Amino acid sequence: ERRQVIVITPTYNRALQAYFLNRLGQVLRLVQPPLLWIVVEMTPASAETAEILRKIGVMYRHLVCVNKNNTNVKDRGVHQRNVGLEHIERHRLDGIVYFADDDNVYSLQLFESLRNISRFGTWPVAMLAQSKNKAILEGPVCNASRVIGWHTNEKSKKLRRFHVDMSGFAFNSTILWDPKRWNSPFSNPIRQLDTVKEGFQETTFIEQVVQDESQMEGVPPGCSRILNWHLHMDAHGLVYPRGWLLQKNLDVV
Ligand code: UDP
């Protein structure tokens, strides 16, 4: 029996949203089922998102949440990912959980590789350092499936425990409700924190899930392949063609 993949994607309405969601959705459409795509928006939900999800042909859940603190703090998807985790926990959804931001580029092989993870898997992600015009790697260095070190970069020399990108790890959902979970310094439940410094979001989360590298699995064994790319591409203050039926989104109906 093939293991379920559960993808959590925070998203928000902006010019390239439809392009991003279509691009990711079309990759997910090619992944062998069972796969569940949990797409989480803050209120108000965009009509475009609902429409894209209805048409994409992937099993999905479209969750909408309100900003808990009722502030305008932009947490870049943190609260939305937590709403996705809560949903998985409440419904005891069984599978491998993966945080896939809408704007990154994913290979089909990545999603198939997730199925081989038994507890916690991680892999190197290629990133584009905008200012320096160069590609950098972030993630594990492996000996077969053993994690023996980390690719670091100038940006991440800061004292992070684990040098992993948000899109560079996945874990078994049973960890979320495992009563025998190792005695972590964090209180239950496992969540992303909106109080951590920039760059520490991933490691702070992973430190709640695993104790050290010995509990990690390199994906695929050897970690010698790039399975996804973290790009920074967006368009702000776009001017739209006059008379077109567009709101904030570039989806043309
Ligand atoms: N995001 C969101 N609301 C926001 C900002 C970001 O839902 O106000 C989502 C965004 O759609 C993406 C993820 O959070 O899926 C990460 O955002 P972004 O790529 O801008 O962050 P970065 O990768 O630059 O840290």
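1. Pro-140 stands opposite Trp-150 in β9. The strands concerned, β8 (residues 134–143) and β9 (residues 146–151), pair in the antiparallel sense over five bridges; pairing requires that DSSP finds at least two bridges between two strands. Two residues lie between the strands of this hairpin, where Ala-144 takes a positive phi near 50°.

2. On the source: this is a predicted model, in which local features need pLDDT of at least 70, side-chain atom pairs count only at pLDDT 80 or more, and totals for chains, interfaces and linings use all residues. Residues are numbered from 1 along each chain as its sequence is written.

3. The protein chain has five helices and 12 strands. Helices (H or I, at least four residues) and strands (E, at least two) are DSSP runs, numbered from the N terminus. Of the 253 residues in the protein chain, 36% are buried. A residue counts as buried if 20 or more other C-beta atoms, placed from the backbone, lie within 10 Å of its own, as exposed if 12 or fewer do, and as partly exposed in between.

4. Seven strands form an open sheet with mixed pairing, in the order β3-β2-β1-β4-β10-β6-β11. The edges are β3 and β11 (217–218), each with a single partner strand, so one side of each has no neighbour in the sheet. Within the sheet, β1 and β2 pair in the parallel sense over six bridges. The bridge partner of Pro-10 is Val-40 in β2.

5. Helix α3 (residues 78–90) has 13 residues and should span 18 Å at 1.5 Å a residue; its end C-alpha atoms are 18 Å apart, which agrees. The expected span is 1.5 Å times one less than the number of residues. Buried residues in α3 include Val-78, Arg-81, Leu-85 and Ile-88. Among the elements that cover the buried residues of α3 are β1 (5–10), β4 (96–99) and α5 (201–209). Just after α3, Arg-92 takes a positive phi of about 50°.

Note on methods:
Two residues are in contact if their C-beta atoms, placed from the backbone, lie within 7 Å.
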